[in-house]
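Subject: Handover of a structure

Dear colleague,

Please find below the structure that I was asked to pass on to you.

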Amino acid sequence: MRSASSSDMEPSSDDQPPQWTSERFLELRAEFLAERTEFKALEILRRMVAIDVKQVDENAWLECKDLIAMLLNAIPVQTLLETQQARNDIMLLTALESCPSHVVTALASHFASHQDVVSPLLNGVAQAVAVAFARRINDPDTFEQLAKLLAPVSSNPQLLQELQHQLATTKSSEHRFKVYQVLLCAMERGYYTPTLAPMLQSLVGELSCNDILVAMAAMDALSDVAIASNVGAAVVNESGAPQKIYELMQSSKEAPDGGFLYPCRAGDQPNDNAENSYEWVM
């Protein structure tokens with residue numbers, strides 16, 4: 001499904017009723033069910049990718065999503081991803097660039113359900129698809145499912161370059177933490193490698209942020225990873241996070257918003273000699 005080009009010579013879609021209604025998607029469904037072949041599924045999927053999203057009725061997305069799921073189930077994931085390279089088929093790249101977030105989530109969920117087959121492909125001939133998925137991560141509806149899909153291949157150089165580029169260029173802390181979700185998911189599921197160390201250091205650096213809410217979000221994220229497994233705890237401890245958290249706690253004692261970090265009674269004082277207490281025990 002593509003976005004409308006400014007160079008299109010057709011009249012504005014705003015002046016016309018949507019061309020793609022629930023009924024039209026149901027017609028495509030019936031067309032597929034009449035044959036139920038991989039070839040037919042690919043043919044219809046390519047036609048759907050070419051649809052201008054502005055021409056889809058807002059009440060038709062459920063039928064659209066259901067049809068996409070049916071077509072994907074009829075096509076082996078190897079066919080979708082391997083032909084991406086071998087036949088220079090840009091269908092998935094086109095879809096990921098312009099389709100709505102719930103369609104991206106559906107695609108990611110489908111591929112994640114075949115992780116054993118998909119991960120080697122995303123790490124090899126289909127790494128461009130992994131990068132395309134990563135470019136849609138800054139969305140509240142997509143980032144969690146995308147993190148699950150991308151975590152096993154998070155050390156791929158092309159994917160990692162894209163994630164680090166987003167971290168370096170965005171000014172939004174919300175965007176950064178959506179990117180960090182790939183790292184956190186990789187750590188929790190045992191996919192962490194030293195290649196991810198720069199991204200981990202970026203997350204640890206958030207502990208020094210002047211925005212106390214950002215620092216707290218980083219502390220919570222690292223804590224969750226450390227609690228999840230002994231391996232995660234070891235990686236977090238070696239990252240220097242415990243010392244950063246200790247420094248954060250110390251500097252927050254006199255801060256106006258220090259109560260966010262010190263929910264203690266008036267007159268209580270944190271232990272100034274408790275540096276080691278911020279190390280996660282394995």
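The number of disulfides comes to 0, where a disulfide is counted as a pair of cysteine sulfur atoms within 2.5 Å. Cysteine 185 counts as buried because its relative accessibility is 10%, whereas cysteine 209, at 29%, counts as partly exposed. Here buried means under 20% relative accessible area, exposed means over 50%, and partly exposed lies in between (1.4 Å probe, protein chains only).

Please note that this is a predicted model, in which local features need pLDDT of at least 70 and side-chain atom pairs count only at pLDDT 80 or more, while totals for chains, interfaces and linings use all residues. Residues are numbered from 1 along each chain as its sequence is written, and side-chain values use heavy atoms, with hydrogens and water left out.

Helix α3 covers residues 61–73. Helices are DSSP runs (H or I, at least four residues), numbered from the N terminus. An α-helix has 3.6 residues a turn, so residues three or four places apart point the same way.

There is 1 cavity of 30 Å³ or more, and the largest cavity holds about 110 Å³ of space. Of the 12 residues lining the largest cavity, Leu45, Val49, Ile68, Ala95 and Leu107 are the closest to its centre. A cavity is a set of points on a 1 Å grid over the protein atoms alone where a 1.4 Å probe fits but cannot get out, and lining residues have an atom within 4 Å of a point. Grid points are joined across faces, edges and corners, and the volume is the space filled by probe spheres set on the points. Helices α2 (38–49), α3, α5 (91–98) and α6 (101–112) each supply at least two lining residues.

Finally, arginine 36 is in the loop between α1 (22–33) and α2. Arginine 36 counts as exposed because its relative accessibility is 60%, and its phi is near 55°, a positive value. Most residues other than glycine have a negative phi.

Technical notes. Expected span 1.5 Å × (residues − 1). 1 Å grid on protein atoms, 1.4 Å probe; cavity = no way out; pocket = protein on both sides within 12 Å on 5 of 7 lines; lining within 4 Å.
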